[in-house]
Amino acid sequence: MRSRSRRTAAALAALALVGTLAIGCAAEDSTSGGASLRPAAALSPSGSDCWRSGTSGDDWDNWDDWGPGMGPGMMGGDCSWGTGMMGGRYWQRGDGTPVKTLDQARQRADAFAYRLDLRVGEIMQFSKNFYAELETPSGKLATEILVDPADGDTGIEYGPAMMWNTDYGMHHRGQTQARISPEQAQDRAQRWLRDRGSDLTADEAEAFPGYYTLHTLRSGKINGMLSVNASTGAVWDHTWHGTYIATSEH
């Protein structure tokens with residue numbers, strides 16, 4: 001038990017360090033006037049590994065650098081949630097039954113949303129996971145979650161929803177101070193794509209507490225997602241979804 005406690009404590013400390021670095025990097029990416037976004041690695045193509053080094057717009061999501069207790073051990077194998085770190089409000093174990101359809105994913109998302117007094121909005125199916133938007137009872141966007149198709153595990157989406165969400169994330173402050181408008185967020189996302197030689201375009205920005213999420217489009221069709229920090233303008237590419245398949249509205 002002592003050994004397990006030490007491992008848990010070490011993992012928690014590492015996670016806290018990741019959050020600290022996340023905030024620091026986001027602050028460094030703050031822009032004013034015509035300043036360009038902070039340089040980052042090339043855009044990751046759809047279907048790439050979840051936490052491969054250099055795939056994020058902020059270039060600090062390489063979990064392999066954090067040692068035992070992080071990476072696949074924390075999130076589970078192949079983009080899944082792990083059981084050791086994401087308990088409580090962030091993660092809910094599935095029943096082991098594969099989730100194959102949007103309706104089945106909505107059932108899992110509904111069960112998770114109920115715990116937070118939220119409701120499920122749009123659901124999207126990708127080759128690696130199901131994605132869902134959660135809304136407040138009044139219809140305001142609250143956070144984003146993932147459903148593991150292998151076993152139904154459901155949790156707050158890693159990346160911006162976990163690190164930037166000021167109401168439901170790990171560093172929530174209970175308030176949102178947006179300095180960037182939806183139009184500016186879309187412009188920053190488009191510049192981020194253009195600067196990396198991508199032929200994708202950024203769709204309209206949807207506002208979550210502390211950040212925006214946008215679909216990326218190819219020839220007018222959904223390809224993936226990006227998020228933009230509402231305070232700093234930092235851009236984070238959602239590299240963990242894989243290939244887009246389908247969408248279910250409310």
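Trainee: Why is tryptophan 240 called buried?

Mentor: Tryptophan 240 has a relative accessible area of 0%. Buried means under 20% relative accessible area, exposed means over 50%, and partly exposed is in between, using a 1.4 Å probe and protein chains only. With 0%, tryptophan 240 therefore counts as buried. One heads-up: this is a predicted model, where local features need pLDDT of at least 70 and side-chain atom pairs count only at pLDDT 80 or more, while totals for chains, interfaces and linings use all residues. Residues are numbered from 1 along each chain as its sequence is written, and side-chain values use heavy atoms, with hydrogens and water left out.

Trainee: How many aromatic pairs does the structure hold, and what makes tyrosine 158 and tryptophan 240 an edge-to-face one?

Mentor: There are four aromatic pairs. For tyrosine 158 and tryptophan 240, the ring centres are 5.4 Å apart and the planes sit at 70 degrees. Rings of Phe, Tyr and Trp (its six-membered ring) pair if their centres lie within 6.5 Å; planes under 30 degrees apart are stacked, over 60 edge-to-face, and the rest tilted. So 5.4 Å makes a pair, and 70 degrees makes it edge-to-face. The partners come from distant parts of the chain, 82 residues apart: tyrosine 158 from the loop between strand 5 and helix 4, tryptophan 240 from the loop between strand 9 (235-237) and strand 10. Tyrosine 158 is buried too, at 1%.

Trainee: Which kind of pair do tryptophan 164 and tryptophan 236 form?

Mentor: Edge-to-face, with 5.5 Å between centres and 70 degrees between planes. Tryptophan 164 is in the loop between helix 4 and helix 5 (182-195), and tryptophan 236 is in strand 9, 72 residues apart. Tryptophan 164 is buried at 6%, and tryptophan 236 is buried at 2%.

Trainee: What makes residues 102-115 a helix, and how does its length compare with the one expected?

Mentor: Helices (H or I, at least four residues) and strands (E, at least two) are DSSP runs, numbered from the N terminus. Helix 3 has 14 residues and reaches 20 Å from first C-alpha to last, close to the 20 Å expected. That expected span is 1.5 Å times one less than the number of residues.

Trainee: What makes strand 3 largely enclosed?

Mentor: Six of its six residues are buried, so the rest of the structure largely encloses strand 3. Phe130, Ala132 and Leu134 point one way, and Tyr131, Glu133 and Glu135 the other.

Trainee: How do you know that strand 3 pairs with strand 2 and with strand 4?

Mentor: Count bridges: two strands pair if DSSP finds at least two between them. Strand 2 and strand 3 have five bridges and run antiparallel, while strand 3 and strand 4 have six and also run antiparallel. So both counts pass the cut-off. Strand 2 and strand 3 form a hairpin with three residues between them.
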